[in-house]
Every structure is written in C-alpha cells, then in structure tokens.
Amino acid sequence: MTAYDAGVLILRVCLGLTMAAHGYNKFFAGGRIPGTAAWFDGIGMKPGIVHARLAAGSEIGVGIALAAGLFTPVAAAGFVALMLVAAWTVHRSNGFFIVREGWEYNLVLAVAAVSVATLGPGRASIDELILGTDRVDGWWGFAIAAGLGLAAGAGQLALFYRPPAPSES
C-alpha cells in the first residue's frame, strides 16, 4: 500500500464513519426518529417523518459505502446532496462559520467526499477489489459526485422544502 492509498483510506474512513454516526444518532439518540421528524417539520422539510427516515438511512448508507470504498462516486454524491440540503435549510442564514452554526462544516464534508471520488478510493477498497483499474474516478468520479449530488440535493429542496413563515414579533 502506498502513502497515497493510506491517505485516501484514512480520509474515506473518517468521512464515512462520521456521516454514518450522524445518521445513527437520528435513529437511536435524543428524540430518535419522532424527534428528528418534528425537527424536520419545523425547518420546512415536509413531511418530517419521511425526511427523518430518509436522512438517517442515507447518512448511514452513504457513510458506510464511502468508508468501505463501495460505489465511491455515488456515495460521495450522497454526501453532496445531504450537505447541500443541510446547508440550505439549517445553516445558510447563520453565515459561513461553524462557530455561528454556519455552513462551513457542510462544505468541508461535501468537498472532501468529492475529492475522494475524484482521486479514487485507493487500493484498500471494495471498488478496487471488484473493479480494479476499471473503477470510476478522475473527472468521471468528480462529475458523478458533484453533478449527481447537486442535482439530488436541489431536487429534494425543490420538491419538499417549504420554509416556515417568519414568526411575528
């Protein structure tokens, strides 16, 4: 294993397990799915119960897939879609910096996932085991991760995001 393969493996596993843990938290911690559903309703993602289940399941699924290097560009597209929706619905109005609950963290996760898709998952991956040198990476990996992710996130927002009316003071 080269230093390149080790580096991309470390990045993939860190990103993937972080996202999977985020989804696990929606299912099993705090308010669980009912609490997450109420929160989704509150931010304007209707119906909240559907989006709570989809978000939690997607975060676990794409997180594990990216960590394993399985369908890497598609898993990375999932990161982009999830982070676009989160940034737009929750963090956008808070500005850029995470210390003010801004969208900085969302950007870093999405860009890091697209970078992994562009570089390829490395030798220690299921994609390498199954596809070898025929795996999708480079500009195709970038295009799938960024393009599919942006389209999926924008589509979800267009179809389901109904921002709550500003409360009267």
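Q: Where does His91 sit, and is His91 buried or exposed?
A: In this predicted model, His91 belongs to helix H4, which covers residues 72-91. Buried means under 20% relative accessible area. His91 has 16% relative accessibility, so His91 counts as buried.

Q: What does the side chain of His91 reach, and which residues does His91 touch?
A: The side chain of His91 comes to 2.9 Å from the backbone oxygen of Glu101. Leaving aside residues up to four places away in sequence, His91 touches Ala86, Glu101, Gly102, Trp103 and Asn106.

Q: Which loop holds Phe71, and what is its phi?
A: Phe71 is in the loop between H3 and H4. Its phi is near 50 degrees, a positive value in a residue other than glycine. With a relative accessible area of 57%, Phe71 is exposed.

Q: Which peptide bond is cis?
A: The bond from Lys46 to Pro47 is cis, and its omega is near -10 degrees. Pro47 lies in the loop between H2 and H3.

Q: How is the packing of two helices described, and at what angle do H1 and H2 cross?
A: Two packed helices are described by the angle between their axes and by the distance between those axes. Here the axes of helix H1 (residues 3-28) and helix H2 (residues 32-43) come within 5 Å and cross at roughly 105 degrees. H1 is therefore roughly perpendicular to H2. On the H1 side the contact is made by Lys26, Phe27 and Phe28, and on the H2 side by Arg32, Ile33, Thr36 and Phe40. By class, this contact of H1 with H2 has 4 nonpolar, 1 polar and 2 charged residues.

Q: How many residues does H1 have, and which of them are buried?
A: H1 has 26 residues and reaches 37 Å from its first C-alpha to its last, close to the 38 Å expected at 1.5 Å a residue. An α-helix has 3.6 residues a turn, so residues three or four places apart point the same way. In H1 the buried residues are Asp5, Val8, Arg12, Leu15, Gly16, Met19, Ala20, Gly23 and Lys26. The buried residues of H1 pack against H2, H3, H4 and H5.

Q: How many residues does helix H7 have, and which elements do its buried residues pack against?
A: Helix H7 (residues 138-160) has 23 residues and reaches 32 Å from its first C-alpha to its last, close to the 33 Å expected at 1.5 Å a residue. Its buried residues are Gly141, Ala145, Ala146, Gly149, Gly153 and Leu157. The buried residues of H7 pack against H4 and helix H5 (104-119).

Q: Which helix holds Val62, and which residues does Val62 touch?
A: Val62 is in helix H3 (residues 48-68). Val62 counts as buried because its relative accessibility is 16%. Not counting residues up to four places away in sequence, Val62 touches Met19, Ala75, Gly78, Phe79 and Leu82. Met19 is among the buried residues of H1.

Technical notes
Residues numbered from 1 in each chain as written. Predicted model: local features only at pLDDT ≥ 70, side-chain atom pairs only at ≥ 80, totals over all residues. Heavy atoms only, no water. Helix = DSSP H or I, 4+ residues; strand = E, 2+ residues; numbered from the N terminus. Buried < 20%, exposed > 50% of the residue type's maximum accessible area, 1.4 Å probe, protein only. Polar contact = N/O pair within 3.5 Å; in protein donor to acceptor, adjacent residues only side chain to side chain. Contact = heavy atoms within 4.5 Å. Axes fitted to C-alpha atoms, helices over the stretch in contact; angles between N-to-C directions. Parallel < 35°, antiparallel > 145°, perpendicular 65-115°, else oblique. Nonpolar A, V, L, I, M, F, W, Y, C, P; charged D, E, K, R; others polar. Expected span 1.5 Å × (residues − 1).
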